[in-house]
Amino acid sequence: MAPPEPEVFDVVIFGASGFTGKYVIREALKFLNSSSTSPLRSLAVAGRSRDRVAAALRWAAAPAPPPEDVPILAADTSDPASLAALAARARVVLSCAGPFRLHGHAVAAACAAAGADCLDISGEPEFMERVEAELHEPAARTGSLIVSACGFDSVPAELGFLFHSRQWEPPSALVSVEAYVYLQSTKRIVGNIGTYESAVLGVANAAQLQALRRSRPRRPRPNIPGPPPPKGSLIEGQNPLGMWAMKLPSADTVVLKRTLSTLTEHPEGLPGAEETPEYAEHRKKFWSSVKPAHFGVKIASRSLMMLVRFIFTGIFIGLLANFSFGRSLLLKYPEFFSAGMFRRAGPTEEEVKSASFKMWFVGHGYSNVDSSLELGRSKPDKEVITKVSGPEVGYITTPIVLVQCALVLLSQRANLPKGGVYTPGAVFGPTDLRQRLQENGLSFEVNATRAMH
């Protein structure tokens, strides 16, 4: 007798024992066989160490005992055979092991080869663009859908931008959007150490990202009315929010630009593998209501001191990350070099629960684009402010977003592209992901619309 085929799981969480991974398990367990309508019927958790993954599963299930029907799979990014075996047993892999430039590519490549879908929580532009350059065609052939940045980077920014853009109904036209990220906590804000490590490695490898971009064909630029907005200063004391703000070299900007390029190439969006006529019509209508715009991200704070800490962290990383000794210092003493904003131990459960975020989208454009004939000389005369808000970004919002993206894949796969490497906005924009996020703790709202003089 032939041995039985190994079970294929709806979702496999890889990197399950990491800081974020254990919160992703906790979020996923809420939806495992939770109702007759939940598409998540089977789940496995995976990582290098079975013991550490088992401990993470116990933590995530507490105070209940860990479910017996969630197996633990051993897999390691340095062992391609283990990743191939894992991808062969998954419909969707949730990749949580960062920094992604070190661990992410092998996972995405295994999924592309096996035809499994892969969602990750990376916010690392070089990793994301390299995966797109090297794996898009293999993934398209096997029907593997690979989507990076399915966490706080960059779904709130992407869906927030799409929500904002759709408020500008003709004849009005959007020109630019600034997103202001405001993190708040009743205790201290402690960043995800993976974000800090990714920033250090990103600066260290900035030249490789530039070389990669130069080696690839230029993608079409979207057509945006009017002149681009002025550059502005690094730190801003005057804005519609009445806060201090500082420009942020954010992955959100890079990811949204890729989405808008995709929309320029496919004005009706990406057709689904076997989409229903109703969904095809909805998709075309959705994308026709989205207009591209210049986009930037700023970190906002009521305290100038908070921004000064960010600047000093940026200076330290900029000065030291390009030397191996400097990098080892940065990675060994994150608390010192970030003035306490990042620490290796991570935040406590109380610190996580006490934190939240708000992200305002301040859009400027023309109230009547047809009557502004000389757009090159006319200034925008309309402002719209929308807001996305939610719980702590790294350990609560990111798992919520990642798990909801997985549930959309499981329940609506035929309506989504057959395979390839895409951004979250390009894949999930027309789906019900925004409604799902609103039902699970995030909110999207219009704050103000006014004429500018």
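Ala-339 is partly exposed, because its relative accessible area of 42% falls between the limits of under 20% for buried and over 50% for exposed. The model described here is a predicted one. In this model, Ala-339 has a positive phi of about 50°, although it is not a glycine. Most residues other than glycine have a negative phi, and most peptide bonds are trans. The points below cover backbone exceptions of both kinds, then a pair of helices and a surface patch.

**Positive phi angles**

- Ala-339 is found in the loop that runs between helix H13 (334-337) and helix H14 (349-354).
- Asn-33 is not a glycine either, and its phi is positive at about 50°.
- The loop between helix H1 (19-29) and strand E2 (43-47) holds Asn-33.
- With a relative accessible area of 35%, Asn-33 is classed as partly exposed.

**Cis peptide bonds**

- Ala-62 and Pro-63 are linked by a cis peptide bond, whose omega is near 5°.
- Pro-63 belongs to the loop between helix H2 (50-61) and strand E3 (72-74).
- The peptide bond that joins Asp-153 and Ser-154 is also cis, with omega about 0°.
- Ser-154 is placed in the loop between strand E6 (145-147) and helix H6.

**Helix H6 and its crossing with helix H9**

- Helix H6 comprises residues 155-165, and helix H9 comprises residues 251-265.
- The axes of these two helices come within 9 Å and cross at roughly 50°.
- The crossing in which H6 passes H9 is right-handed.
- H6 is largely enclosed by the rest of the structure, because 11 of its 11 residues are buried.

**A nonpolar surface patch**

- Phe-312, Ile-315 and Leu-319 make up a nonpolar patch on the surface.
- Together, these three residues have about 310 Å² of accessible area.
- Leu-319 is part of helix H11, which covers residues 304-320.
- Leu-319 counts as exposed because its relative accessibility is 55%, and the cut-off for exposed is over 50%.

How values were computed
Residues are numbered from 1 along each chain as its sequence is written. This is a predicted model: local features need pLDDT of at least 70, side-chain atom pairs count only at pLDDT 80 or more; totals for chains, interfaces and linings use all residues. Side-chain values use heavy atoms; hydrogens and water are left out. Patches are made of residues with over 30% relative accessible area and no salt bridge: like charges are joined within 9 Å, nonpolar side chains (Val, Leu, Ile, Met, Phe, Trp, Tyr) within 5 Å. Accessible areas come from the Shrake-Rupley method with a 1.4 Å probe; for residues, only the protein chains shown count as cover. A salt bridge is a side-chain nitrogen of Lys or Arg within 4 Å of a carboxyl oxygen of Asp or Glu. Helices (H or I, at least four residues) and strands (E, at least two) are DSSP runs, numbered from the N terminus. Buried means under 20% relative accessible area, exposed over 50%, partly exposed in between (1.4 Å probe, protein chains only). Axes are lines fitted to C-alpha atoms, for helices over the stretch in contact, and angles run from 0 to 180 degrees between N-to-C directions. A crossing is left-handed if the near helix is turned anticlockwise from the far one by less than a right angle, and right-handed if clockwise.
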